[in-house]
Amino acid sequence: MDSVPDWLSPSAITDIALLLHDAKPAARLHVGNRGTELRRWARRLGLFTSLDADGYAAISRSPAIARKVIDLDRRPGRHTLALGSVLGYPACCSRAAARVGDEGIDRWHQAVSARRFHGHFRAIDPGGYIEGASRISHVPCSHRCKPSLALATRPERC
Ligand SMILES: [Zn+2]
């Protein structure tokens, strides 16, 4: 992963690592006006890029999935559940995200991060996500979410 563009946010690097390890089908990243640059980099890794007008990119090994992420995102109304599933989040966590909605997700992220994660479950603490220190790229539905733990403790990590 030495070639990850240095202008990407640390949390984007977590997303890309999970994607490259096939732990998720697609990643959604904020790229500002550097979409073309990202596309060029992603292509070398065999990844396809879809871009929207607001500076977001979706990357995936499948061009159809990358396009679907952008399409879902653009669609009006609630799409948290469908988006979560195409981004590879556990169904329990996507349902929990759908309950709080897009507008509540940051507050919910803070609330879950404030919980104490014990033992193995420390691997799913989303507290370090912004700094790229998190091993998962979604907010777990609880501090004891087993599907999130399975994602975070896959044996082959960068
Ligand atoms: Zn969950």
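pLDDT is the predictor's confidence in each residue, given on a scale from 0 to 100. The structure shown here is a predicted model, and the mean pLDDT of the protein chain is 88, with 96% of its residues reaching 70 or more. Confidence is lowest in helix 1, residues 10-20, where the mean is 87, and it is highest in strand 2, where the mean is 97.

**Overall fold**

The protein chain contains six helices and three strands, and when it is read along the sequence these follow the pattern α-β-α-β-β-α-α-α-α. A compact globule of 158 residues would have a radius of gyration near 15 Å, and the value for the protein chain is 15 Å, which agrees with that expectation. The following table gathers some values for the whole chain.

| Property of the protein chain | Value |
|---|---|
| Box filled by the C-alpha atoms, along the principal axes | roughly 40 × 40 × 25 Å |
| Share of the 158 residues that are buried | 34% |
| Share of contacts with a separation of 6 or more that join residues 24 or more positions apart | 46% |

**The hairpin**

Strand 2, which covers residues 48-51, and strand 3, which covers residues 56-60, run antiparallel and are joined by four bridges. One of the paired positions is Leu51, whose bridge partner in strand 3 is Ala57. The two strands form a hairpin with four residues between them, and in this turn Gly55 has a positive phi of about 85 degrees.

**Helix 3 and what covers it**

Helix 3 consists of 12 residues, 63-74, which at 1.5 Å a residue should span 16 Å; the C-alpha atoms at its ends are 17 Å apart, which agrees. Within helix 3, the residues Ala66, Val69 and Ile70 are buried. These three residues lie on the same side of helix 3, because they cover an arc of only 90 degrees around the axis. The elements that cover the buried residues of helix 3 include strand 1 (26-30), strand 2, strand 3 and helix 4 (80-86), so that both strands of the hairpin described above are among them.

Most residues other than glycine have a negative phi. Asp22, however, has a positive phi of about 55 degrees although it is not a glycine. Asp22 is placed in the loop between helix 1 and strand 1. Is Asp22 buried or exposed? A residue counts as exposed if 12 or fewer other C-beta atoms lie within 10 Å of its own, and because Asp22 has 11 such neighbours, it counts as exposed.

Note on methods: Residues are numbered from 1 along each chain as its sequence is written. This is a predicted model: local features need pLDDT of at least 70, side-chain atom pairs count only at pLDDT 80 or more; totals for chains, interfaces and linings use all residues. Two strands pair if DSSP finds at least two bridges between them. The expected span of a helix is 1.5 Å times one less than its number of residues. A residue is buried if 20 or more other C-beta atoms lie within 10 Å of its own, exposed if 12 or fewer, and partly exposed in between; C-beta atoms are placed from the backbone. The arc is that of the directions from the helix axis to the C-beta atoms. Two residues are in contact if their C-beta atoms, placed from the backbone, lie within 7 Å. The radius of gyration is taken over C-alpha atoms; the globule rule is 2.2 Å times the number of residues to the power 0.38.
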